[in-house]
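Here is a brief report on a single chain. Start with the model itself, then read on.

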Amino acid sequence: MTSILEKPLINGLSHIKNPTKTLPTFIIEACCTAGRTHQSYKRGGEDEAKERFREEVTCGAFWLWGVKGLNKIGDFIGKKLFKLENLDIDVGKDALRDPFANIDPKIKNKTAIFKFGKIISSVILATGLLGFVVPKINHAITDRTLKNKKQKPQNAMSMDNFIQSTKKPDNSKYELNFRGNEAFINKIMTASHKLENDNTWRLISTDTGMVAGRVYNSRHPAEKFEYLFRDVSSILFYNFTTGATIAALNKAFKTTNAHPKVIDEVCEFLKANNFTKEQLSTVVNPKIGEQFKNVNFSENGTITLKSLVNYLENMGLGQEIIDKATKMSELQPKLRGERILSRAQVQDVFSNSVTSNPEFLKNVINKATYGRATDSKKFVEAKTCQAIRESIDDFVKEIIKKAGSNDVTHDLLKKIKRNAILRTALFQVAGLAFSAFGLAILIPKTQIFLSQKIFGKKSFEDIANGNKKDGKVPS
(Lines give C-alpha, C1' and ligand atoms only; values in the text may rest on other atoms or scores of the structure.)
Protein backbone atom coordinates (compact mmCIF):
# COMPACT_ATOMS: atom_id res chain seq x y z
CA MET A 1 0.00 0.00 0.00
CA THR A 2 1.57 3.29 -1.11
CA SER A 3 1.32 6.49 0.90
CA ILE A 4 -0.96 7.88 -1.82
CA LEU A 5 -3.55 5.16 -1.16
CA GLU A 6 -3.11 5.11 2.62
CA LYS A 7 -5.28 8.10 3.54
CA PRO A 8 -8.17 7.24 1.16
CA LEU A 9 -8.22 3.70 2.57
CA ILE A 10 -8.22 4.96 6.17
CA ASN A 11 -11.03 7.43 5.42
CA GLY A 12 -13.00 4.81 3.49
CA LEU A 13 -12.74 2.29 6.32
CA SER A 14 -13.70 4.98 8.81
CA HIS A 15 -16.80 5.78 6.75
CA ILE A 16 -17.82 2.12 6.61
CA LYS A 17 -17.45 1.78 10.38
CA ASN A 18 -19.60 4.86 11.04
CA PRO A 19 -22.85 3.51 12.59
CA THR A 20 -24.86 6.41 11.15
CA LYS A 21 -23.83 5.72 7.54
CA THR A 22 -25.73 3.46 5.16
CA LEU A 23 -22.91 2.38 2.81
CA PRO A 24 -22.14 -1.00 4.47
CA THR A 25 -25.83 -1.81 4.64
CA PHE A 26 -26.25 -0.77 1.01
CA ILE A 27 -23.48 -3.20 0.04
CA ILE A 28 -25.11 -6.03 1.99
CA GLU A 29 -28.56 -5.16 0.63
CA ALA A 30 -27.31 -5.28 -2.96
CA CYS A 31 -25.80 -8.73 -2.42
CA CYS A 32 -28.88 -9.87 -0.52
CA THR A 33 -31.24 -8.75 -3.31
CA ALA A 34 -29.17 -10.46 -5.99
CA GLY A 35 -28.81 -13.71 -4.01
CA ARG A 36 -32.45 -14.00 -2.96
CA THR A 37 -33.68 -13.15 -6.44
CA HIS A 38 -31.45 -15.90 -7.86
CA GLN A 39 -32.61 -18.48 -5.31
CA SER A 40 -36.24 -17.57 -6.03
CA TYR A 41 -35.63 -17.96 -9.75
CA LYS A 42 -34.22 -21.45 -9.21
CA ARG A 43 -37.45 -22.55 -7.49
CA GLY A 44 -40.22 -20.51 -9.08
CA GLY A 45 -38.76 -19.16 -12.27
CA GLU A 46 -39.33 -15.65 -13.53
CA ASP A 47 -42.56 -15.05 -11.60
CA GLU A 48 -41.09 -15.73 -8.14
CA ALA A 49 -37.83 -13.96 -9.03
CA LYS A 50 -39.70 -10.79 -10.02
CA GLU A 51 -41.82 -10.85 -6.86
CA ARG A 52 -38.76 -11.32 -4.67
CA PHE A 53 -36.83 -8.58 -6.51
CA ARG A 54 -39.68 -6.09 -6.04
CA GLU A 55 -39.91 -6.97 -2.36
CA GLU A 56 -36.16 -6.72 -1.66
CA VAL A 57 -35.61 -3.47 -3.56
CA THR A 58 -38.62 -1.79 -1.94
CA CYS A 59 -37.61 -2.97 1.54
CA GLY A 60 -33.99 -1.92 1.06
CA ALA A 61 -34.92 1.53 -0.23
CA PHE A 62 -37.32 2.17 2.65
CA TRP A 63 -34.90 0.98 5.29
CA LEU A 64 -31.91 2.86 3.90
CA TRP A 65 -33.63 6.15 3.19
CA GLY A 66 -37.32 5.99 4.11
CA VAL A 67 -37.17 6.30 7.89
CA LYS A 68 -34.56 9.06 7.72
CA GLY A 69 -36.61 10.92 5.14
CA LEU A 70 -39.72 10.66 7.28
CA ASN A 71 -37.70 11.93 10.25
CA LYS A 72 -36.77 15.05 8.29
CA ILE A 73 -40.42 15.63 7.44
CA GLY A 74 -41.23 15.21 11.14
CA ASP A 75 -38.59 17.80 12.10
CA PHE A 76 -40.09 20.23 9.61
CA ILE A 77 -43.56 19.72 11.13
CA GLY A 78 -42.19 20.10 14.66
CA LYS A 79 -40.53 23.42 13.85
CA LYS A 80 -43.31 24.90 11.75
CA LEU A 81 -46.44 23.56 13.46
CA PHE A 82 -45.38 23.08 17.09
CA LYS A 83 -42.69 25.79 17.15
CA LEU A 84 -40.20 23.38 18.66
CA GLU A 85 -36.52 24.23 18.45
CA ASN A 86 -33.44 22.16 19.32
CA LEU A 87 -34.64 19.20 17.24
CA ASP A 88 -31.07 18.76 16.01
CA ILE A 89 -29.81 18.08 19.55
CA ASP A 90 -29.35 14.43 20.58
CA VAL A 91 -31.54 13.36 23.49
CA GLY A 92 -29.32 10.57 24.83
CA LYS A 93 -27.59 10.99 28.19
CA ASP A 94 -25.26 9.31 30.67
CA ALA A 95 -22.98 10.33 33.55
CA LEU A 96 -20.63 12.32 31.28
CA ARG A 97 -22.88 13.75 28.59
CA ASP A 98 -26.36 15.23 28.41
CA PRO A 99 -26.80 17.57 25.42
CA PHE A 100 -30.29 18.52 26.59
CA ALA A 101 -29.21 19.42 30.13
CA ASN A 102 -29.19 23.19 29.64
CA ILE A 103 -32.65 23.39 28.08
CA ASP A 104 -35.70 24.45 30.08
CA PRO A 105 -37.31 21.26 31.53
CA LYS A 106 -40.76 22.00 30.06
CA ILE A 107 -39.36 22.52 26.59
CA LYS A 108 -37.02 19.57 27.10
CA ASN A 109 -39.87 17.17 27.91
CA LYS A 110 -42.02 18.35 25.02
CA THR A 111 -39.14 18.11 22.59
CA ALA A 112 -38.08 14.67 23.83
CA ILE A 113 -41.59 13.24 23.58
CA PHE A 114 -42.14 14.86 20.18
CA LYS A 115 -38.87 13.38 18.87
CA PHE A 116 -39.85 9.95 20.20
CA GLY A 117 -43.33 10.22 18.70
CA LYS A 118 -41.90 11.42 15.41
CA ILE A 119 -39.44 8.54 15.18
CA ILE A 120 -42.00 5.92 16.23
CA SER A 121 -44.48 7.33 13.71
CA SER A 122 -41.85 7.09 11.00
CA VAL A 123 -41.09 3.49 11.94
CA ILE A 124 -44.80 2.57 12.09
CA LEU A 125 -45.49 4.17 8.72
CA ALA A 126 -42.47 2.53 7.08
CA THR A 127 -43.21 -0.92 8.55
CA GLY A 128 -46.89 -0.58 7.73
CA LEU A 129 -46.02 0.06 4.11
CA LEU A 130 -43.45 -2.76 4.01
CA GLY A 131 -45.46 -5.26 6.03
CA PHE A 132 -48.98 -4.62 4.77
CA VAL A 133 -49.27 -2.32 1.75
CA VAL A 134 -46.28 -3.53 -0.30
CA PRO A 135 -47.13 -7.26 0.10
CA LYS A 136 -50.69 -6.58 -1.07
CA ILE A 137 -49.47 -4.72 -4.12
CA ASN A 138 -46.77 -7.31 -4.79
CA HIS A 139 -49.26 -10.16 -4.53
CA ALA A 140 -51.70 -8.33 -6.78
CA ILE A 141 -49.01 -7.95 -9.46
CA THR A 142 -48.18 -11.65 -9.20
CA ASP A 143 -51.88 -12.51 -9.32
CA ARG A 144 -52.20 -10.60 -12.55
CA THR A 145 -49.30 -12.51 -14.11
CA LEU A 146 -50.96 -15.77 -13.05
CA LYS A 147 -54.43 -14.74 -14.24
CA ASN A 148 -54.69 -17.84 -16.39
CA LYS A 149 -54.73 -19.92 -13.21
CA LYS A 150 -58.12 -20.88 -11.83
CA GLN A 151 -57.43 -20.27 -8.14
CA LYS A 152 -56.82 -16.70 -7.01
CA PRO A 153 -54.92 -15.84 -3.81
CA GLN A 154 -57.41 -16.35 -0.98
CA ASN A 155 -56.28 -13.43 1.11
CA ALA A 156 -55.72 -10.94 -1.71
CA MET A 157 -57.50 -7.66 -1.11
CA SER A 158 -58.14 -4.77 -3.42
CA MET A 159 -56.30 -1.60 -2.56
CA ASP A 160 -59.61 0.25 -2.10
CA ASN A 161 -60.81 -2.32 0.43
CA PHE A 162 -57.44 -2.31 2.17
CA ILE A 163 -57.42 1.48 2.49
CA GLN A 164 -60.99 1.46 3.80
CA SER A 165 -60.13 -1.24 6.37
CA THR A 166 -57.33 0.87 7.81
CA LYS A 167 -59.42 4.02 8.30
CA LYS A 168 -60.27 5.07 11.83
CA PRO A 169 -63.67 6.51 12.85
CA ASP A 170 -63.95 10.23 12.25
CA ASN A 171 -64.55 10.86 15.96
CA SER A 172 -61.26 9.24 17.02
CA LYS A 173 -59.14 11.74 18.92
CA TYR A 174 -55.61 11.41 20.13
CA GLU A 175 -53.65 13.80 22.27
CA LEU A 176 -50.00 13.79 23.28
CA ASN A 177 -49.44 14.13 27.00
CA PHE A 178 -46.17 15.95 27.56
CA ARG A 179 -46.15 15.42 31.30
CA GLY A 180 -44.21 12.65 32.94
CA ASN A 181 -41.65 11.88 35.59
CA GLU A 182 -37.94 12.27 34.99
CA ALA A 183 -37.23 8.52 34.76
CA PHE A 184 -39.85 8.10 32.05
CA ILE A 185 -38.54 11.07 30.09
CA ASN A 186 -34.99 9.69 30.36
CA LYS A 187 -36.09 6.34 28.91
CA ILE A 188 -37.92 8.14 26.10
CA MET A 189 -34.79 10.18 25.35
CA THR A 190 -32.53 7.12 25.29
CA ALA A 191 -34.85 5.21 22.97
CA SER A 192 -35.23 8.25 20.71
CA HIS A 193 -31.48 8.66 20.44
CA LYS A 194 -30.96 4.99 19.58
CA LEU A 195 -33.74 4.95 16.99
CA GLU A 196 -32.48 8.15 15.40
CA ASN A 197 -28.73 7.43 15.34
CA ASP A 198 -28.14 3.68 15.48
CA ASN A 199 -28.61 1.57 12.34
CA THR A 200 -29.12 -1.60 14.40
CA TRP A 201 -31.98 -0.09 16.37
CA ARG A 202 -33.53 1.32 13.20
CA LEU A 203 -33.34 -2.03 11.44
CA ILE A 204 -34.78 -4.04 14.34
CA SER A 205 -37.57 -1.52 14.92
CA THR A 206 -38.46 -1.61 11.23
CA ASP A 207 -38.19 -5.39 10.95
CA THR A 208 -40.52 -6.07 13.88
CA GLY A 209 -43.57 -4.60 12.16
CA MET A 210 -42.47 -5.75 8.72
CA VAL A 211 -42.17 -9.41 9.78
CA ALA A 212 -45.56 -9.31 11.47
CA GLY A 213 -47.17 -7.80 8.39
CA ARG A 214 -45.58 -10.24 5.96
CA VAL A 215 -46.56 -13.26 8.06
CA TYR A 216 -50.11 -11.96 8.46
CA ASN A 217 -50.46 -11.38 4.70
CA SER A 218 -48.91 -14.70 3.67
CA ARG A 219 -50.92 -16.60 1.07
CA HIS A 220 -49.96 -20.12 2.17
CA PRO A 221 -48.74 -21.75 5.41
CA ALA A 222 -45.44 -22.55 3.67
CA GLU A 223 -44.99 -18.87 2.81
CA LYS A 224 -45.87 -17.91 6.38
CA PHE A 225 -43.15 -20.22 7.68
CA GLU A 226 -40.61 -19.02 5.09
CA TYR A 227 -41.17 -15.34 5.90
CA LEU A 228 -40.89 -15.97 9.63
CA PHE A 229 -37.72 -18.06 9.32
CA ARG A 230 -36.07 -15.80 6.74
CA ASP A 231 -36.79 -12.43 8.33
CA VAL A 232 -36.06 -13.40 11.94
CA SER A 233 -32.77 -15.14 11.07
CA SER A 234 -31.84 -12.21 8.82
CA ILE A 235 -31.78 -9.88 11.85
CA LEU A 236 -28.74 -11.79 13.11
CA PHE A 237 -26.82 -11.39 9.86
CA TYR A 238 -27.82 -7.75 9.36
CA ASN A 239 -26.81 -6.63 12.83
CA PHE A 240 -24.28 -8.89 14.48
CA THR A 241 -22.30 -11.20 12.21
CA THR A 242 -20.08 -8.51 10.65
CA GLY A 243 -18.87 -7.27 14.04
CA ALA A 244 -18.66 -10.80 15.45
CA THR A 245 -16.59 -11.98 12.47
CA ILE A 246 -14.16 -9.06 12.84
CA ALA A 247 -13.84 -9.68 16.60
CA ALA A 248 -13.25 -13.40 16.03
CA LEU A 249 -10.54 -12.74 13.41
CA ASN A 250 -8.76 -10.27 15.71
CA LYS A 251 -8.87 -12.82 18.51
CA ALA A 252 -7.60 -15.61 16.26
CA PHE A 253 -4.67 -13.52 14.98
CA LYS A 254 -4.11 -11.85 18.38
CA THR A 255 -4.44 -8.38 16.91
CA THR A 256 -6.12 -5.21 18.15
CA ASN A 257 -9.67 -4.41 17.10
CA ALA A 258 -8.95 -0.71 16.64
CA HIS A 259 -10.71 1.94 14.59
CA PRO A 260 -8.64 2.94 11.51
CA LYS A 261 -8.38 6.49 12.84
CA VAL A 262 -6.92 5.11 16.09
CA ILE A 263 -4.30 3.16 14.13
CA ASP A 264 -3.39 6.23 12.08
CA GLU A 265 -3.24 8.71 14.96
CA VAL A 266 -1.33 6.42 17.35
CA CYS A 267 1.40 5.74 14.79
CA GLU A 268 1.71 9.42 13.91
CA PHE A 269 1.82 10.36 17.61
CA LEU A 270 4.61 7.89 18.31
CA LYS A 271 6.57 9.04 15.26
CA ALA A 272 6.23 12.73 16.21
CA ASN A 273 7.49 12.17 19.76
CA ASN A 274 10.24 9.61 19.12
CA PHE A 275 9.50 7.73 22.32
CA THR A 276 12.11 5.31 23.60
CA LYS A 277 11.32 1.69 24.46
CA GLU A 278 11.47 2.64 28.14
CA GLN A 279 8.91 5.42 27.66
CA LEU A 280 6.58 3.13 25.73
CA SER A 281 6.79 0.58 28.56
CA THR A 282 4.73 3.01 30.65
CA VAL A 283 1.73 1.94 28.56
CA VAL A 284 2.19 -1.69 29.59
CA ASN A 285 2.82 -0.96 33.28
CA PRO A 286 1.72 2.60 34.03
CA LYS A 287 2.48 4.09 37.43
CA ILE A 288 -0.65 5.53 39.06
CA GLY A 289 -0.05 7.93 41.95
CA GLU A 290 -1.22 6.79 45.38
CA GLN A 291 -3.28 9.97 45.64
CA PHE A 292 -5.71 8.55 43.05
CA LYS A 293 -7.07 6.06 45.60
CA ASN A 294 -8.36 8.88 47.82
CA VAL A 295 -10.26 10.83 45.14
CA ASN A 296 -13.90 11.18 46.19
CA PHE A 297 -16.04 10.19 43.20
CA SER A 298 -19.81 10.52 43.08
CA GLU A 299 -22.08 7.47 42.96
CA ASN A 300 -22.04 7.47 39.15
CA GLY A 301 -18.23 7.43 39.07
CA THR A 302 -17.60 11.05 38.09
CA ILE A 303 -16.11 14.13 39.73
CA THR A 304 -16.31 17.80 38.83
CA LEU A 305 -13.12 19.52 37.73
CA LYS A 306 -13.55 22.04 40.51
CA SER A 307 -13.64 19.31 43.16
CA LEU A 308 -10.68 17.52 41.64
CA VAL A 309 -8.59 20.71 41.47
CA ASN A 310 -9.41 21.44 45.13
CA TYR A 311 -8.23 17.94 46.02
CA LEU A 312 -5.02 18.31 44.00
CA GLU A 313 -4.25 21.66 45.64
CA ASN A 314 -4.94 20.30 49.14
CA MET A 315 -2.56 17.41 48.41
CA GLY A 316 0.11 19.94 47.49
CA LEU A 317 0.47 18.65 43.93
CA GLY A 318 1.93 20.93 41.30
CA GLN A 319 0.39 23.06 38.57
CA GLU A 320 1.40 20.53 35.92
CA ILE A 321 -1.05 17.89 37.12
CA ILE A 322 -3.76 20.53 37.60
CA ASP A 323 -3.29 21.63 34.00
CA LYS A 324 -3.46 18.01 32.89
CA ALA A 325 -6.74 17.52 34.78
CA THR A 326 -8.18 20.66 33.19
CA LYS A 327 -7.30 19.48 29.68
CA MET A 328 -8.57 15.96 30.45
CA SER A 329 -11.97 17.41 31.39
CA GLU A 330 -12.23 18.83 27.88
CA LEU A 331 -12.60 15.36 26.36
CA GLN A 332 -16.37 16.00 26.57
CA PRO A 333 -18.52 19.16 26.59
CA LYS A 334 -19.55 20.78 29.84
CA LEU A 335 -22.38 19.11 31.75
CA ARG A 336 -24.87 21.59 33.20
CA GLY A 337 -22.23 24.29 32.98
CA GLU A 338 -19.48 22.32 34.72
CA ARG A 339 -16.47 20.39 33.55
CA ILE A 340 -16.51 16.80 34.82
CA LEU A 341 -14.26 13.74 34.56
CA SER A 342 -14.85 10.01 34.73
CA ARG A 343 -12.94 7.67 37.02
CA ALA A 344 -10.89 6.39 34.05
CA GLN A 345 -10.03 9.96 33.03
CA VAL A 346 -8.88 10.85 36.54
CA GLN A 347 -6.74 7.71 36.52
CA ASP A 348 -5.15 9.02 33.33
CA VAL A 349 -4.51 12.33 35.11
CA PHE A 350 -2.42 10.50 37.72
CA SER A 351 -0.83 8.11 35.20
CA ASN A 352 2.66 8.45 33.75
CA SER A 353 1.66 6.55 30.58
CA VAL A 354 2.67 8.34 27.38
CA THR A 355 -0.84 7.68 26.02
CA SER A 356 -2.46 9.55 28.93
CA ASN A 357 -1.74 12.84 27.16
CA PRO A 358 -5.13 14.65 27.15
CA GLU A 359 -4.60 16.56 23.90
CA PHE A 360 -3.71 13.31 22.14
CA LEU A 361 -6.68 11.46 23.64
CA LYS A 362 -9.09 14.25 22.73
CA ASN A 363 -7.88 14.24 19.14
CA VAL A 364 -8.06 10.45 18.69
CA ILE A 365 -11.40 9.92 20.42
CA ASN A 366 -12.96 12.82 18.54
CA LYS A 367 -11.80 11.46 15.18
CA ALA A 368 -12.93 7.92 16.01
CA THR A 369 -16.39 9.27 16.89
CA TYR A 370 -16.61 11.45 13.77
CA GLY A 371 -16.40 14.71 15.71
CA ARG A 372 -19.31 13.81 17.98
CA ALA A 373 -17.39 13.33 21.24
CA THR A 374 -16.73 17.06 21.68
CA ASP A 375 -19.89 18.33 19.95
CA SER A 376 -22.21 19.83 22.58
CA LYS A 377 -25.26 18.90 20.46
CA LYS A 378 -24.33 15.25 20.03
CA PHE A 379 -24.35 12.30 22.41
CA VAL A 380 -21.71 9.58 22.50
CA GLU A 381 -21.90 7.00 25.26
CA ALA A 382 -19.09 7.15 27.80
CA LYS A 383 -18.45 3.42 27.35
CA THR A 384 -17.91 3.98 23.62
CA CYS A 385 -15.23 6.60 24.32
CA GLN A 386 -13.65 4.40 26.96
CA ALA A 387 -13.51 1.46 24.53
CA ILE A 388 -11.63 3.70 22.08
CA ARG A 389 -9.30 4.78 24.90
CA GLU A 390 -8.55 1.14 25.74
CA SER A 391 -7.95 0.25 22.09
CA ILE A 392 -5.24 2.93 21.99
CA ASP A 393 -3.24 1.17 24.72
CA ASP A 394 -3.93 -2.24 23.19
CA PHE A 395 -2.54 -1.11 19.85
CA VAL A 396 0.57 0.40 21.45
CA LYS A 397 1.15 -2.89 23.26
CA GLU A 398 0.81 -4.66 19.90
CA ILE A 399 3.45 -2.32 18.45
CA ILE A 400 5.82 -3.04 21.35
CA LYS A 401 5.32 -6.77 20.88
CA LYS A 402 5.98 -6.58 17.13
CA ALA A 403 9.10 -4.50 17.74
CA GLY A 404 10.53 -7.17 20.03
CA SER A 405 14.11 -6.32 20.90
CA ASN A 406 14.31 -3.67 18.15
CA ASP A 407 13.77 0.04 18.56
CA VAL A 408 10.39 1.49 17.55
CA THR A 409 11.68 3.39 14.54
CA HIS A 410 9.77 5.47 12.00
CA ASP A 411 10.22 2.76 9.40
CA LEU A 412 8.87 0.13 11.77
CA LEU A 413 5.85 2.29 12.65
CA LYS A 414 5.21 2.90 8.96
CA LYS A 415 5.25 -0.85 8.30
CA ILE A 416 3.06 -1.68 11.31
CA LYS A 417 0.55 1.01 10.35
CA ARG A 418 0.37 -0.21 6.74
CA ASN A 419 -0.13 -3.82 7.81
CA ALA A 420 -2.71 -2.88 10.46
CA ILE A 421 -4.78 -0.84 8.00
CA LEU A 422 -4.66 -3.60 5.38
CA ARG A 423 -5.60 -6.15 8.03
CA THR A 424 -8.49 -4.00 9.21
CA ALA A 425 -9.70 -3.68 5.61
CA LEU A 426 -9.49 -7.44 5.02
CA PHE A 427 -11.30 -8.21 8.28
CA GLN A 428 -13.99 -5.69 7.39
CA VAL A 429 -14.45 -7.24 3.96
CA ALA A 430 -14.59 -10.71 5.54
CA GLY A 431 -17.25 -9.55 8.01
CA LEU A 432 -19.38 -7.96 5.31
CA ALA A 433 -18.88 -10.98 3.03
CA PHE A 434 -20.02 -13.42 5.72
CA SER A 435 -23.12 -11.31 6.41
CA ALA A 436 -23.87 -11.10 2.69
CA PHE A 437 -23.36 -14.87 2.29
CA GLY A 438 -25.78 -15.58 5.11
CA LEU A 439 -28.44 -13.21 3.79
CA ALA A 440 -28.07 -13.97 0.09
CA ILE A 441 -27.34 -17.70 0.04
CA LEU A 442 -27.43 -19.52 3.38
CA ILE A 443 -30.79 -18.23 4.64
CA PRO A 444 -32.80 -18.53 1.38
CA LYS A 445 -31.42 -22.02 0.66
CA THR A 446 -32.18 -23.17 4.22
CA GLN A 447 -35.58 -21.50 4.11
CA ILE A 448 -36.63 -23.34 0.95
CA PHE A 449 -35.13 -26.65 2.16
CA LEU A 450 -36.98 -26.55 5.48
CA SER A 451 -40.20 -25.40 3.84
CA GLN A 452 -40.15 -28.32 1.43
CA LYS A 453 -39.34 -30.77 4.22
CA ILE A 454 -42.24 -29.56 6.36
CA PHE A 455 -44.89 -28.85 3.73
CA GLY A 456 -43.72 -30.97 0.83
CA LYS A 457 -42.42 -29.54 -2.41
CA LYS A 458 -44.65 -26.62 -3.34
CA SER A 459 -44.30 -24.71 -6.55
CA PHE A 460 -44.38 -20.94 -6.47
CA GLU A 461 -47.76 -21.15 -8.19
CA ASP A 462 -49.13 -23.26 -5.32
CA ILE A 463 -47.93 -20.66 -2.82
CA ALA A 464 -49.11 -17.68 -4.87
CA ASN A 465 -52.56 -19.23 -5.28
CA GLY A 466 -52.89 -19.84 -1.56
CA ASN A 467 -53.36 -23.61 -1.86
CA LYS A 468 -53.89 -24.36 1.85
CA LYS A 469 -55.76 -27.65 1.68
CA ASP A 470 -52.73 -29.77 2.53
CA GLY A 471 -50.59 -27.45 4.63
CA LYS A 472 -50.63 -26.24 8.20
CA VAL A 473 -48.19 -24.11 10.06
CA PRO A 474 -46.38 -26.37 12.53
CA SER A 475 -47.42 -25.82 16.12
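Helices (H or I, at least four residues) and strands (E, at least two) are DSSP runs, numbered from the N terminus. This is a predicted model: local features need pLDDT of at least 70, side-chain atom pairs count only at pLDDT 80 or more, and totals for chains, interfaces and linings use all residues. Residues are numbered from 1 along each chain as its sequence is written, and side-chain values use heavy atoms, with hydrogens and water left out.

The chain has 17 helices and 2 strands. Of its 475 residues, 48% are buried (under 20% relative accessible area; exposed is over 50%, partly exposed in between; 1.4 Å probe, protein chains only).

R219 sits in the loop between α6 (199-216) and α7 (221-239). Its relative accessible area is 1%, so R219 is buried. The side chain of R219 makes polar contacts with the side chains of E51 (2.7 Å) and E223 (2.6 Å). A polar contact is a pair of N or O atoms within 3.5 Å; within protein, one must be able to donate a hydrogen and the other to accept it, and residues adjacent in sequence count only if both atoms are side-chain atoms. G466 is 247 residues from R219 in sequence, but 4.6 Å away in space, C-alpha to C-alpha.

The structure holds 11 aromatic pairs. Two of them are tabulated here.

| Pair | Centre to centre | Angle between planes | Class |
|---|---|---|---|
| F26 and W65 | 6.3 Å | 55° | tilted |
| F269 and F275 | 5.5 Å | 55° | tilted |

Rings of Phe, Tyr and Trp (its six-membered ring) pair if their centres lie within 6.5 Å; planes under 30 degrees apart are stacked, over 60 edge-to-face, the rest tilted. F269 and F275 are both buried. F26 is partly exposed, at 41% relative accessibility. W65 is also partly exposed, at 49%. Ring pairs also link F225, F229 and F455 into a cluster.
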